[in-house]
Amino acid sequence: MSLREISRVTGSRKIAENTFESTLHAPQIASLVKAGQFINILPSGDWPKVMRRPMSVSGTEGDNLSIIYKVVGTGTEQMYSWAEGDEVDIIGPLGNYWADFSKTPIIIGGGVGIAPIFFLHNTLQSNNIEHYMIMGSRTANEHFLEHDLPAKVLMTTDDGTYGIHGNVVAAVDTIAENLDLSDTKLFVCGPAPMMEAMKDYALAKNIECDIALETVMACGIGICQGCSMEYVPKESKESSYREKYGLVCMDGPIFKAKEIKTCYL
Ligand SMILES: Cc1cc2nc3c(=O)[nH]c(=O)nc-3n(C[C@H](O)[C@H](O)[C@H](O)COP(=O)(O)OP(=O)(O)OC[C@H]3O[C@@H](n4cnc5c(N)ncnc54)[C@H](O)[C@@H]3O)c2cc1C
Ligand code: FES
């Protein structure tokens, strides 16, 4: 069930380079939302554009939910300038959510893809499900968590300034030194090249892998068809349009890696 709620800003802070966390008092949506789902935000009361801005929920605490975002344009600029007590019109929870933790989860976030992964981390922790978490970034100041291998929390940087030198694939290889990856399942959200690399890795090694796609969205509720993605064609028969193309907002954002033709949308 999704609904519209007028939330209230309860706080905002910078957590890393150009990365912000805002919390919203939204009792109804906070009580329903699960890790992997998103909300569609009207950044301000006088927002001049038609499209709301989709944001994954990064966590909940009581009646509050949080989002983590980078400022990339006018909508996220507006969010960055929210003051405590401001009212924000949101719709949610939208989309599907992470599920099936029967194999050891390796949860992997890159860039702002850390938001749903962070929510998943807290969900797994509160259900006492042992897992590994990997966060990838270009450089040290984009990270806000500690690299702690014994605690199964791995940070990577492309430039080697923090954690493991390399991308998130290098961190999965580090885990593979002590763990049979066929007993694991990957949960991935991040920039398209990162998700594509993890998709190829998972398919090559026959590891289960769920990927949360992010694309430009308009309605967020299956009407505009602006968020289509293409499935891998079925071998056996001619596919109908709905079997060939999915909607990220309704059928996703989480898809099985083996079903997605490409993460570049
Ligand atoms: C399901 C879903 C969950 C998301 N979760 C998060 C999140 O947790 N944190 C976060 O920071 N962002 C997230 N995004 C992306 C976020 O919605 C966009 O960055 C945001 O809408 C940009 O709004 P803007 O008005 O600031 O920028 P705009 O002025 O609209 O765009 C600025 C630049 O960002 C690009 N852009 C816009 N939307 C997207 C997009 N969806 N993906 C990639 N590039 C985009 C534009 O092409 C343009 O180059 C998510 C997107 C989806 C679909
Ligand atoms: S955003 Fe409109 S159909 Fe998905």
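Me: Asn 18 first: how accessible is Asn 18 in this predicted model?
Reply: Asn 18 counts as partly exposed, because its relative accessibility is 29%. Keep in mind that the model is predicted.

Me: Where does Asn 18 lie?
Reply: In the loop between strand E1 (3–16) and E2. Asn 18 also has a positive phi of about 45°, although it is not a glycine.

Me: Why flag that?
Reply: Because most residues other than glycine have a negative phi.

Me: Which other non-glycine residue has a positive phi?
Reply: Asp 100, with phi near 60°. Asp 100 sits in the loop between E7 and strand E8 (104–110). At 40% relative accessibility, Asp 100 is partly exposed.

Me: OK, peptide bonds. Where are the cis ones?
Reply: One cis bond joins Gly 92 and Pro 93, with omega about -10°. Another joins Gly 252 and Pro 253, with omega about 10°.

Me: What elements do Pro 93 and Pro 253 belong to?
Reply: Pro 93 is in strand E7 (residues 87–94). Pro 253 is in the loop between strand E15 (245–247) and E16.

Me: Switching to strands. Is E6 enclosed or open?
Reply: Strand E6 (residues 64–70) is largely enclosed by the rest of the structure, because five of its seven residues are buried.

Me: What does E6 pair with?
Reply: Strand E2 (residues 19–25) runs antiparallel to E6, joined to it by seven bridges. Strand E5 (residues 59–61) is also antiparallel to E6, with three bridges.

Me: How many salt bridges does the whole structure have?
Reply: Eleven, from a search of the whole structure. Lys 152 and Glu 130 make one of them at 3.1 Å, N to O. Lys 152 is in the loop between strand E9 (132–137) and E10, while Glu 130 is in the loop between helix H3 (114–126) and E9, so the pair ties together parts 22 residues apart in sequence.

Me: How exposed are Lys 152 and Glu 130?
Reply: Lys 152 is partly exposed, at 21% relative accessible area. Glu 130 is exposed, at 55%.

Me: Which salt bridge involves Lys 261?
Reply: Lys 261 pairs with Glu 230, 3.4 Å from N to O. This pair links distant parts of the chain: Lys 261 is in the segment after E16 and Glu 230 is in strand E14, 31 residues apart. Lys 261 is partly exposed at 42%, and Glu 230 is partly exposed at 26%.

Me: Which residues form a salt-bridge network?
Reply: Lys 103, Lys 185, Glu 208, Asp 210 and Lys 256 are linked in one.

Me: New topic: what's the strand order in the seven-stranded sheet?
Reply: E11-E10-E9-E8-E12-E13-E16, an open sheet with mixed pairing. Strand E11 (164–165) and strand E16 (254–256) are at the edges with a single partner strand each, so one side of each has no neighbour in the sheet.

Me: How does E11 pair with E10?
Reply: In the parallel sense, over two bridges, with E10 spanning residues 153–157. Thr 156 has Ile 164 in E11 as its bridge partner.

Me: How far is Ile 223 from Cys 249?
Reply: 9.8 Å in space, C-alpha to C-alpha, and 26 residues in sequence.

Me: Last one: what are the domains?
Reply: The domain assignment gives domain 1 (3–94) and domain 2 (104–259). The contact takes 21 residues from domain 1 and 22 residues from domain 2. Their centres, taken over C-alpha atoms, are 22 Å apart.

Note on methods
Residues numbered from 1 in each chain as written. Chains lettered and ligands numbered in written order. Predicted model: local features only at pLDDT ≥ 70, side-chain atom pairs only at ≥ 80, totals over all residues. Heavy atoms only, no water. Buried < 20%, exposed > 50% of the residue type's maximum accessible area, 1.4 Å probe, protein only. Helix = DSSP H or I, 4+ residues; strand = E, 2+ residues; numbered from the N terminus. Pairing = 2+ DSSP bridges. Domains from an automatic or database assignment. Contact = heavy atoms within 4.5 Å. Salt bridge = Lys/Arg side-chain N within 4 Å of Asp/Glu carboxyl O.
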